Amino acid sequence: RTPYIDRLAKEGVTLTQHIAASPLCTPSRAAFLTGRYPIRSGMAAFSRVGVFLFSASSGGLPSEEITFSKLLKQRGYATALIGKWHLGMNCESSNDFCHHPLSHGFDYFYGLTVTNLRDCKPGQGSVFLKGIQKYLVIPVQILGVTLVSLAVVHYVGLLKVPFQALGYCLLLTAISLAVLIFFFYHFRHLNCFLMRDHQIIQQPLSYENLTQRLTTEAVQFIGRNTDVPFLLVLSYLHVHTALYASNMFRGKSKHGLYGDAVEEMDWSVGQILNVLEKYNLRNKTLIYFSSDQGAHIEEISSSGEVHGGYNGIYKGGKSTNWEGGIRVPGLLRWPGVIPAGTYMDEPTSNMDIFPTIVKLAGAQLPYDRIIDGHDLMPLLQGKVTRSKHEFLFHYCNAYLNAVRWHPGNSESVWKAFFFTPNFNPEDSNGCYDSHVCFCHGGFITRHDPPLLFDLSRDPEEKVPLTPKTERRFYEILRVIQLAVANHTRSLQAVPDQLSWDNLLWKPWLQPCCSSLFQSCYCDFESEDSLL
């Protein structure tokens, strides 16, 4: 039950073909804040892992990137990010904050610099367990057997192995295993913490009344800025796993813990709407509600309960460029400016928010870079009927996966796939063996010619078109290939922020509010609430 989110739709515009620039959190958020495909900022991975997993990684949204928060701050807006960031924190030391929200135009930050993971909540399992079992256990066993075998043959005299070299190998292996065990044993303390501005205030994070705390922070920020223009990005941890809900909502939904979490998020949306009413800001405020990707359908609890959500008729989910992974909610409300109760079927993108609010704030769009988003206001106000997005390019990490083409003289929305993920099991709708789908190698099937769909007739992407079923088949693919060539020429080489070097945990970058000997524990949040 989502009465407040439903109210947003009733009082504003619903974008029914609203597309996330990526089916993963980190690159999608980078695109949202900058109005640019994440490949342009180095926020799209060439490696298998497409998001930041550790607080002590060195990658992040580059300082050269211009966010809408930077431009609005320059125009005198009070700016705040409350909730999830997931775009990096430090570069060279544990307190340089080069990628922190306060370095990207936000005056105030209260939330998580990484993300909400199962590993952050005791009893919710681990997102790393399958990977460790699959890629580390067997190599470690092989290495252990090899070293023991060498020691044995050296001892019985069959082969002379330099004892010093053997000792160094054993020592290095033991140290590596010890660091690995220490890190994953203390993962929650090292990576799941709450910050206010640059200070860690709760390490590890407590989920108790967390959404209520985020909501209180958002309401107070609005209350402090009723007389000045403000930008608030309220980035919920709901409904990313680990799922949670406060006592007020737990067990109240018909759809288990996932439903409880959605209903609590809806309550929070209602609190924001109410405070805008209280301060007579309803008609002065543009509200945008969305998600950074589709539902994570592989997220199922050990008891079989759906924890990752539901994508309706749409195929696939998070980590894929099937419609289930990238078609997201797009609700915008601004009473008196945007018509109420309107539905728009034109292709739009979360990158469009950047030019839309930058222009509304009276700021200048950057002229030294390509902005891939388009101002939504003419479309929202009915001044035009067609989206400016003739083409949208769908990346799986840094690999161009698919292209959407909406010709100006047609109602068709063509979508061509150059490769698709290999679902496992084969007859399923996701990659359940690996928890997410990957973008290269044996995890995908390439298509030549590309798979072609017309989303206006087949939004479920069930039946690929062929030259027999679509007479313009090759002509459509030729236009799409030409668009790909033009798009590719517009790309410039930039540092890869999600390289293995930038992804890996670096102990010297580890934020810690006490000391490693105290497991980096602190809880100023609870102390403040007691006071």
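The legends below describe close-up views of a predicted model. Local features need pLDDT of at least 70 and side-chain atom pairs count only at pLDDT 80 or more, whereas totals for chains, interfaces and linings use all residues. Residues are numbered from 1 along each chain as its sequence is written, and side-chain values use heavy atoms, with hydrogens and water left out.

**View 1. Ser 41 lies in the loop between α2 (25-34) and α3 (68-74).** Helices are DSSP runs of H or I with at least four residues, strands are runs of E with at least two, and both are numbered from the N terminus. Ser 41 has a relative accessible area of 3% and is therefore buried (buried, under 20%; exposed, over 50%; partly exposed, in between; 1.4 Å probe, protein chains only). Beyond its neighbours within four places in sequence, Ser 41 contacts Pro 62, Glu 65, Val 494, Pro 495 and Gln 497 (contact, heavy atoms within 4.5 Å).

**View 2. Leu 158 occupies the loop between α4 (129-156) and α5 (163-185).** Its relative accessibility is 70%, so Leu 158 counts as exposed.

**View 3. Lys 388 is placed in the loop between α11 (377-380) and β12 (391-396).** With 60% relative accessibility, Lys 388 counts as exposed. Lys 388 and His 406 are 18 residues apart in sequence, and their C-alpha atoms are 9.5 Å apart in space.
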